[in-house]
Each structure stands twice: as C-alpha cells, then as structure tokens.
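Open your viewer and have the selection tool ready. We will go from stop to stop, picking residues and looking at what surrounds them.

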Amino acid sequence: MSMSEPLSKIPTGMRYYCGAEARLRRVIGNTLVTIFDGWSYEEITTPTVDYYSLFEHGMGRAQAHHAFRFTDTDGRMLALRPDVTSLVARAAATLFAERERPLRLCYVAPVFRQRPRSNVEWKRESTQVGGELIGVKASVAEMEILAIVCEVLERLGLDRHCSITLNDVEVFNGIAEQLKLNPQTRNEMRELVDTRNAADLERFLSVYASAAESQAFARLIQLSGQRKILSDAHALISNPRSRAALDRLERLWSVIESLQLEDRFEIDLGDVSRLDYYTGLTFKIFVRGAGARVGGGGRYDGLTASFGRSEPAVGFVLELDALTDVLLARADESSLIGEATVATQLKADNLRDIFVAARKKRALGERVWVDSSEVRP
C-alpha cells in the first residue's frame, strides 16, 4: 500500500524562507561572493545530482552514507549533493586540468543530507558558501584561506564574537602510526578523542602503549588555547610526524600574531575532523549565539588524486543558515539587516494608467505597490 502525505505538508527537515530572513540570506551570500571576488576567486556552479561513488571517494563512506540516494535509469546509484568540495576537486582535475595553477574557486550551493534528529533545529537541506584554493602546497595557501575567513567575519560584524579553532590531522595520524593501530582501531581512538573522554581514552591506549605514554596522549585532547599549547604538546609527543605538524601550526600561529588576529583563534588538539579528505591543517569556525559551528575547512591534498591528478588544495565552507540565524538574533547590531524600502502605493481606475505610472516609478528605481481594488479591466 502506498503512503502519501497531505499536499499542505512539506517533508520534515525542509523549510521555506521569506521576508527579512530571505532577504538577509541573499545579502550574506552576495557579500561573501564579493569578498571572494576581491581575492580573485572565480564562482563555480556544480551539479545538484551526481554519482554516489564520487562522494564516497571524497567524503569517505561514513559521511557519504548520509546522502539522499536513488537509482538512475541505467541502474547506477545517484545522490543529491551532500558536499561541494568533492565536486570542485573533480572539476579541478578534469574540466580545469589544463588551467594554470593555482585555481581559486568559490560557490554558493544547497547541500542535502539525511541527519538524525537532534535538539538543534533539524535541517536536511542547508546552503553552503565556500572557497577552494587548489595547486599551492605552501602555508601561504592556508593563511590566505584564514585571512578570507577573518574578512568575512569582519564584514558581517561577527569578528568580536567568533572563535576559529586550529588543528592538524597529522598530530593524530602520527600518534596512531606510532601505536601501530589498524584502521578499525584507529577509528575507535578517533571516536574517543571526539567525545573528549580522557579517562576512557587512557584505558583504551593502555593496550597499545605504556602507562606513561597513555596518560600523555590522553592529555592532548584536553589541550586548547594559544601558543603555549604547542610547547606543551611538544613535551608530550616524540614521534616526528606529529612534531612536524606541531611545527607547521607554530609557523602559522606566528603569522596570525604578526597580523594581530590571535584574539580570534585558538589551537584545539582534541578537535579531530571526521571528513576523510583532510591531510593537514583543519579548522572550525564558531560564533557566539550559534547552536553549532558556522563553518570549517582545512587542507585536503589527496582528494584530487581520485580523479587522476594529485595536487595540494585547501578550502572552507560557511553555513549560510547558521550565519543568518546569528545575524537575525543580532538585528540591532547588524548593518546588513535593513527594512525593505517603503513602496509607493499606486491607484488608478484603469489598467493602462496604473501600469504607465508603475513603469515610470520602476524606471527611477522606486519600489511600487499596485492597489488593484478599484482597477477596471
């Protein structure tokens, strides 16, 4: 028996936007694209539907599993876009293979994901605004991306209400390699790091390391703050892979300090990203008043190799929905939120006169409102 819903209902996790909220979403999107253009990023529009296997390669199987999936007429599995970075990486390796590097690409795009219900507002469609810098291995690329993030937050008036947390996945990878963890055990360890449960992590590690090492590694997930965190971590970590990652973070932090931006950043070594494509720096963007992070990004040097061309890349996304919610809550402080221009009310007793007047007003850029109550056909 088929099941149907009343036509007056919309699927759970979806919603309409209108009025001031819809207008603000458009203003934020346009503002961010203008900022990207100022840094020489070219806008790209990606397909809404693509092969599910693309996202498995890009996001990893666990994250891609949240996509809305359906079968094409030829039997192949398709998905509504759950991620944009994977699509941009493929375009870089195929459509733009002959273009001069670096590539700078940006986008505004809805993404669709099946999500478990939670206490925060439950959405299965959200809009991401993001940028990708492809073809630069050096830390200058990472600093460029972070500088753009800072400019966005400044332009939105959120720079004094934000926190950008930095980490490098190679800190975790170096420890996992030192302990000789297999992929499954490694994922178990990452789960424990994500939950910030130091006691359980120490017990878990005791099977693979000495008591002193287990205690030291468990302490890492409790380390967050600024420059001093890096020296504390160096004292706890001996493997060269993790120490090289700490050195990269320290060099990046020195530039952040020289730009006098350190009040917006902190280092969080317990923040282990779940997206499989990250290979170095990762960061998350938080804004006071938002129920969850408003964005994040990092380096993903291995992603384009899935499409035949391996090259370095770094990028980030911001969640338009979360930014809109925060700015609406700060309506008194935000210069982006303005009332719609007052409309000139037009009256006439015949169709010709009222629309002659309307077109003249519109030619001058004025907002009009046609009063149809007394118009004769």
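Select Phe36 to begin: in this predicted model, Phe36 is buried, as its relative accessible area is 1% and the limit for that label is under 20%.

A pair of aromatic rings is described by the distance of the centres and the angle of the planes. For Phe36 and Tyr41, the centres lie 5.5 Å apart and the planes meet at 50°, so this pair is tilted. The structure holds three aromatic pairs.

Next, switch to cartoon view and find the open sheet, where three strands run in the order S2-S4-S3 with antiparallel pairing. Its edges are S2 (49-51) and S3 (69-71), each of which pairs on one side only. On average, neighbouring strands here are turned by 40° against each other, ignoring direction.

Zoom in on S3 and S4 (residues 77-80), an antiparallel pairing over three bridges. Pick Thr71, and you will find Met77 of S4 opposite. Then select helix H2 (residues 52-59): H2 packs on the sheet and touches S2, S3 and S4, and its direction makes about 75° with that of S2.

Two last stops put a charge over a ring. At Arg25, the charged end sits over the ring of Tyr17, 3.8 Å from the ring centre. At Arg99, the charged end sits over the ring of Phe96, at 4.3 Å from its centre.

Note on methods: Residues are numbered from 1 along each chain as its sequence is written. This is a predicted model: local features need pLDDT of at least 70, side-chain atom pairs count only at pLDDT 80 or more; totals for chains, interfaces and linings use all residues. Side-chain values use heavy atoms; hydrogens and water are left out. Two strands pair if DSSP finds at least two bridges between them. Helices (H or I, at least four residues) and strands (E, at least two) are DSSP runs, numbered from the N terminus. Axes are lines fitted to C-alpha atoms, for helices over the stretch in contact, and angles run from 0 to 180 degrees between N-to-C directions. Contact means heavy atoms within 4.5 Å. Rings of Phe, Tyr and Trp (its six-membered ring) pair if their centres lie within 6.5 Å; planes under 30 degrees apart count as stacked, over 60 as edge-to-face and the rest as tilted. Buried means under 20% relative accessible area, exposed over 50%, partly exposed in between (1.4 Å probe, protein chains only). A charge sits over a ring if NZ of Lys or CZ of Arg is within 6 Å of the ring centre and within 35 degrees of the ring normal.
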